[in-house]
Amino acid sequence: MIDRIEWFFSATDLVRIMDWLRRNSEGARGADARAILSKNPGIASPAAGKWQWVGYKGGSEPGVMNMTLLLQARNGDWYALTGSWNDPTLAVSEGRFAALISRAAQLAAPAP
């Protein structure tokens, strides 16, 4: 029932949410949100290591997977990366999708 439940936010919506979290991360509440987002980077260590800070929110179930990242470059600039894979007939290959998002994050990192 992925056409009726689950990820209805567009990529633009997800980036906008991450940007809101970034802009509102001052103070105790913001620090809590950033701590939660950075608990699990969601991407492989070599990709995460290219960034000063990685925040991640995602989710999956059979036929649905989303990975959305808030990334801070070593120079302080902020980036967002998001991707979703939906297939109403088959389970998503979570490992393959995570590897693709990890590689995209690694390639998107600005040169030091």
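Buried here means under 20% relative accessible area, exposed means over 50%, and partly exposed is whatever falls in between (1.4 Å probe, protein chains only). All of the views below come from a predicted model, where local features need pLDDT of at least 70, side-chain atom pairs count only at pLDDT 80 or more, and totals for chains, interfaces and linings use all residues. Residues are numbered from 1 along each chain as its sequence is written, and side-chain values use heavy atoms, with hydrogens and water left out.

**View 1. Asp19, Arg22 and Arg23 are joined in a network of salt bridges.**
A salt bridge is a side-chain nitrogen of Lys or Arg within 4 Å of a carboxyl oxygen of Asp or Glu, and the count under that rule comes to three. Aspartate 19 pairs with arginine 22, with 2.7 Å between the closest N and O atoms. Aspartate 19 also meets arginine 23, this time at 3.0 Å, N to O. Helices (H or I, at least four residues) and strands (E, at least two) are DSSP runs, numbered from the N terminus. Aspartate 19 and arginine 22 sit about one helical turn apart because they are three residues apart in helix α1. Arginine 23 and aspartate 19 are four residues apart in helix α1, so about one helical turn separates them as well. Aspartate 19 is partly exposed at 28% relative accessibility, and arginine 22 is partly exposed at 25%.

**View 2. Arginine 16 and aspartate 13 form a salt bridge.**
Their side chains meet at 3.1 Å, N to O. Both residues belong to helix α1 (residues 11–23), three residues apart, or about one turn of the helix. Arginine 16 is partly exposed, with 48% relative accessibility, and aspartate 13 is partly exposed with 25%.

**View 3. Tryptophan 51 and tyrosine 79 make an edge-to-face aromatic pair.**
A pair of aromatic rings is described by the distance of the centres and the angle of the planes. Rings of Phe, Tyr and Trp (its six-membered ring) pair if their centres lie within 6.5 Å; planes under 30 degrees apart are stacked, over 60 edge-to-face, and the rest tilted. That rule gives three aromatic pairs. For tryptophan 51 and tyrosine 79 the numbers are 5.4 Å centre to centre and 65° between the planes. The pair links distant parts of the chain, 28 residues apart: tryptophan 51 is in the loop between α3 (45–48) and β1 (53–61), while tyrosine 79 is in strand β3 (residues 78–86). Tryptophan 51 is buried, with a relative accessible area of 4%, whereas tyrosine 79 is partly exposed at 33%.

**View 4. Tryptophan 53 and tryptophan 78 pair up edge-to-face.**
The ring centres are 5.7 Å apart and the planes are at 65°, so this pair counts as edge-to-face. Tryptophan 53 is in strand β1 and tryptophan 78 in strand β3, so the pair ties together parts that are 25 residues apart in sequence. Tryptophan 53 is buried at 14% relative accessibility, but tryptophan 78 is partly exposed at 25%. Arginine 34 also lies over the face of tryptophan 53, at 4.5 Å from the ring centre. For a charge to sit over a ring, NZ of Lys or CZ of Arg must be within 6 Å of the ring centre and within 35 degrees of the ring normal.

**View 5. Aspartate 87 is buried yet has no salt bridge.**
Look for aspartate 87 in the loop between β3 and α4. Lys and Arg count as positive and Asp and Glu as negative, with His and the chain ends not counted. The nearest side chain of opposite charge is arginine 96, 9.4 Å away. The side chain of aspartate 87 does reach the backbone nitrogen of leucine 90, at 3.2 Å.

**View 6. Serine 102 is buried in helix α4.**
Helix α4 covers residues 94–108, and serine 102 has a relative accessible area of 8%. Leaving out residues up to four places away in sequence, serine 102 touches Ile43, Ala44 and Ala47, where contact means heavy atoms within 4.5 Å. Serine 102 and leucine 21 are 81 residues apart in sequence and 21 Å apart in space, C-alpha to C-alpha.

Notes: A polar contact is a pair of N or O atoms within 3.5 Å; within protein, one must be able to donate a hydrogen and the other to accept it, and residues adjacent in sequence count only if both atoms are side-chain atoms.
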